[in-house]
Amino acid sequence: MIYLDNNATTPLDPLVLEEMMPFLGPQFANPGSGSTFGRAAKKAVEKARTQVATLIGCEAEEIIFTSGGTEADNAAIFSATELSPERKHIVTSAVEHDAVLAYLKWLEETRGYEITKLGVNPQGRLDLAELEAAIDPDKTALVTLMWANNETGVIFPIAEASNIAAEEEVFFHTDAVQAAGKISLSVSDTSIHSLALSGHKIHGPKGIGAMFASKNVGFRPWFHGGGQENQRRSGTENVAGIVGLGKAAELALSAHENVRKLRDHFERELASKIDGVQFQGSEMERLPNTSNVRIPGANSEGLMILLDMKVICVSAGSACHTGALHPSPVLAAMGLDAEAARECLRISFSRLNSTEEVETLISAMIAATERMRSI
Ligand code: PLP
């Protein structure tokens, strides 16, 4: 199989698995137990905390392990709204992941919040002047914006956006599930108060993630129980998952420039061989691994089936929307109509892909396009 759907999930790096194995077997101790056995597990958890903190440029004590990106986003939004219960307005964008949008919809429908969704231009660009205008310091509890988009890879100017929120003394959260480990991030150079990241997007295990919670602002926990994670997220730690996330974060720190080369080569070749091909958001700063390709006259479902027959795995839009009949809200926000959105494929590379795999993809896409266009 040629796996090119790495924004949906990534294969586990064998080095990550190796690091996790003892904690799935003989080192099964509860890190909360005071025994020597328990202390070894605790030490492994703390090492991982430092590895994750290093990846995003914060202090280890500001990392809280969660069950994944979704929980980290939910916990951050919960905390921000609890910190300012009198403010009932939240600013976000129209292209966020459902891990954020679904919670905001729930707050709107059941808790009377007003949600402002900032639009983007056809390249996926966010207008910072619109953000500034949308914030009402008396009413806004939170600004939540993703660092990089899962469907197009477009990167938002998060440091600048967080400074705008800070000037109004409004809490700022960023969903960095796609950005962490793919571009270099340093939260300490920004006014970000919380951030979400996830293990399975960076060759770590599924069901583990982390949240950065700035020590400069308060935190209101969502999980109550035994008081783990310094009273911020109760529940016995997923030690093997945490150790895996730590190792994945460490491995992601090295530069993986070959990913950008693979993506750029793919786009150049396709542009020269297929008439009318377009790459969504390509004029913007993008994640180096993501290409959202539109081939007019070839619908993505058909292309996916033809690629699948060659055992090439790609995605028609966001993983969460695959199989749904409605077109991608991200592409709609960028101004694509339903028909154009149905011609978009998301190809997401990883450092584990090879040049040969990309050459096979290019030939398969050219052949599949000819076939689709001839029907
Ligand atoms: N946010 C973004 C941008 C994502 O792409 C995803 C996963 O697709 C999530 C949040 C959810 O992360 P997890 O799958 O770890 O819950």
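**View 1. A network of salt bridges joins Lys42, Glu46, Arg49 and Glu229.** A salt bridge here is a side-chain nitrogen of Lys or Arg within 4 Å of a carboxyl oxygen of Asp or Glu. The whole structure has 16 salt bridges. This is a predicted model, in which local features need pLDDT of at least 70 and side-chain atom pairs count only at pLDDT 80 or more, while totals for chains, interfaces and linings use all residues. Residues are numbered from 1 along each chain as its sequence is written, and side-chain values use heavy atoms, with hydrogens and water left out.

**View 2. Arg346 and Asp5 form a salt bridge between their side chains.** The N to O distance is 3.1 Å. Arg346 lies in strand S12 (residues 344-348) and Asp5 in the loop between strand S1 (2-3) and helix H1 (14-24), so the pair ties together parts that are 341 residues apart in sequence. Helices (H or I, at least four residues) and strands (E, at least two) are DSSP runs, numbered from the N terminus. Both Arg346 and Asp5 are buried; buried means under 20% relative accessible area, exposed over 50%, and partly exposed in between (1.4 Å probe, protein chains only).

**View 3. Lys47 and Glu19 form a salt bridge.** Their closest N and O atoms are 3.5 Å apart. Because Lys47 lies in helix H2 (residues 36-56) and Glu19 in helix H1, the pair ties together parts that are 28 residues apart in sequence. Lys47 counts as partly exposed, at 46% relative accessibility, and Glu19 also counts as partly exposed, at 26%.

**View 4. Arg263 forms a salt bridge with Asp264.** The closest N and O atoms of this pair are 2.9 Å apart. Arg263 has 3% relative accessibility and so counts as buried, whereas Asp264, at 26%, counts as partly exposed.

**View 5. The ligand is surrounded by 14 residues.** The closest are Gly69, Thr70, Asp175, Ser198 and Lys201. Helix H3 (residues 69-83) gives the most to the shell, with 3 residues.

Key. A residue is near a molecule or strand if one of its heavy atoms lies within 4 Å of it.
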